[in-house]
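Trainee: Before we discuss the labels applied to this structure, may I see it together with its sequence?

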Amino acid sequence: MIHNHYFSSALVRLHAERRYRVFADLERIAGRFPHATWHSPGGPRPVVIWCSNDYLGMGQHPKVIGAMVETATRMGAGAGGTRNISGTNHPLVELERELVDLHGKEAALVFTSGYVSNETGIATIARLLPNCVILSDAWNHNSIIEGVRRAGVEKKIWRHNDVAHLEELLAAEAPDRPKLIIFEALYSMDGDIAPVNRICDLAERYGAMTYIDEVHSAGMYGPAGAGIAAREGALHRIDVIEGTLAKAFGCLGGYIAGSASVIDAVRSYAPGFIFTTALPPAICAAATAAIRHLKVSQWERDRHQERASRVKSVLNAAGLQVMPSETHIIPMMVGDPEKCKEASDLLLAEHGIYVQPINYPTVPRGTERLRITPTPYHDDAQVDALAEALVDVWGRVQLPLRHRALAAE
């Protein structure tokens, strides 16, 4: 192929910048999560996963697996088409009803992924608002950034969680101009939470519409797992809630929930919804089972928070550089892409611990990190083993430990 050299050059650049991504070939073991089998170059090896987005382990829950198997046996594997052409299967309709109940909204719409729900949902909503201006938090996820770009409307970026800056931008707009404020409930790279009610105060004062991304918080926070907005008593103040079925709920898919008119407009105008195959019935049934279970079971959320607290405590006691976080996200700053990758490789190859390195462009250059995400199923022995392995690896890649830095002073 005559154009291959362009692609080869692009890959060389990634390698030179230490940004080339290597995927670990993993085989999760239902009933034994977070244990998995790593199909390494040298053959299968047992590992413990410490960076899964299946935050509550619902991907292995008997109710979830049972619903998936039963529905696949009864209805088959695929959806059979787009939502408009034979793909609106009954388990999908039931799933949307469950999401309506979870978030207390009038309607919900399921997409093939959380990325697609943001990308196509934001773009469609903004395009349907005449002369809309989008006000987006500076740390918003790539899926939000792409949705804003695809909208093709004016955008203004406000400093992360800085409501004073957001108010400056809102005050500069004409009172009657449609305004769309987009932010995340919980930011997954640092683990911090948005000031939801203060943002809603500004939205009400300046006549703006609110769109919140609850991807890393739905299922895990708030009454019945309805998310951060619910925990803060602000569900009724949010116009559109976006979430995923692939993290706390352990399955696949994304969704938005809001007023009947907003959801129906997105359903009717969004290309990323209209022209793609619907989620299979078995996936929808499994997600519904996960949501229903987490609405009534608090054990997973309580245990999850206790495990996250213990991991932070143990790692801090070992002198490791744990970034402050009030949530289940535990970032460990490395600040160097090469050392970040080397640390991850050593943990996997020599300690049987899988933690994926987080490098640019997921995080800014110079803030490369390991991101640890405990689950309810990580036990004390695994937490202690993680700390011991990290201390060993930190020394080998010449990263400072806090107590050593203090002793040197």
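Mentor: By class, 8 nonpolar, 3 polar and 2 charged residues make up the lining of the second largest pocket. Please keep in mind that the model is predicted.

Trainee: Which residues lie nearest the centre of the second largest pocket?

Mentor: Val22, Phe23, Ala24, Asp345 and Leu348 do, out of 13 lining residues. Val22, Phe23, Ala24 and Leu348 count as nonpolar, whereas Asp345 counts as charged. The elements giving two or more residues to this lining are β2 (35-40) and α14 (337-351). With 4 residues, α14 gives the most. The volume of the pocket is about 160 Å³.

Trainee: Why is Phe275 called exposed?

Mentor: The relative accessible area of Phe275 is 68%. The label requires a value over 50%, so Phe275 is exposed. Phe275 is found in the loop between α11 (271-274) and α12 (281-296).

Trainee: What makes β1 an edge strand?

Mentor: The open sheet has 4 strands in the order β1-β2-β3-β12, with mixed pairing. Both β1 (26-28) and β12 (353-354) pair on one side only, and they are the edge strands.

Definitions and conventions:
Residues numbered from 1 in each chain as written. Predicted model: local features only at pLDDT ≥ 70, side-chain atom pairs only at ≥ 80, totals over all residues. Heavy atoms only, no water. Buried < 20%, exposed > 50% of the residue type's maximum accessible area, 1.4 Å probe, protein only. 1 Å grid on protein atoms, 1.4 Å probe; cavity = no way out; pocket = protein on both sides within 12 Å on 5 of 7 lines; lining within 4 Å. Points joined across faces, edges and corners; volume = space filled by probe spheres on them. Pairing = 2+ DSSP bridges.
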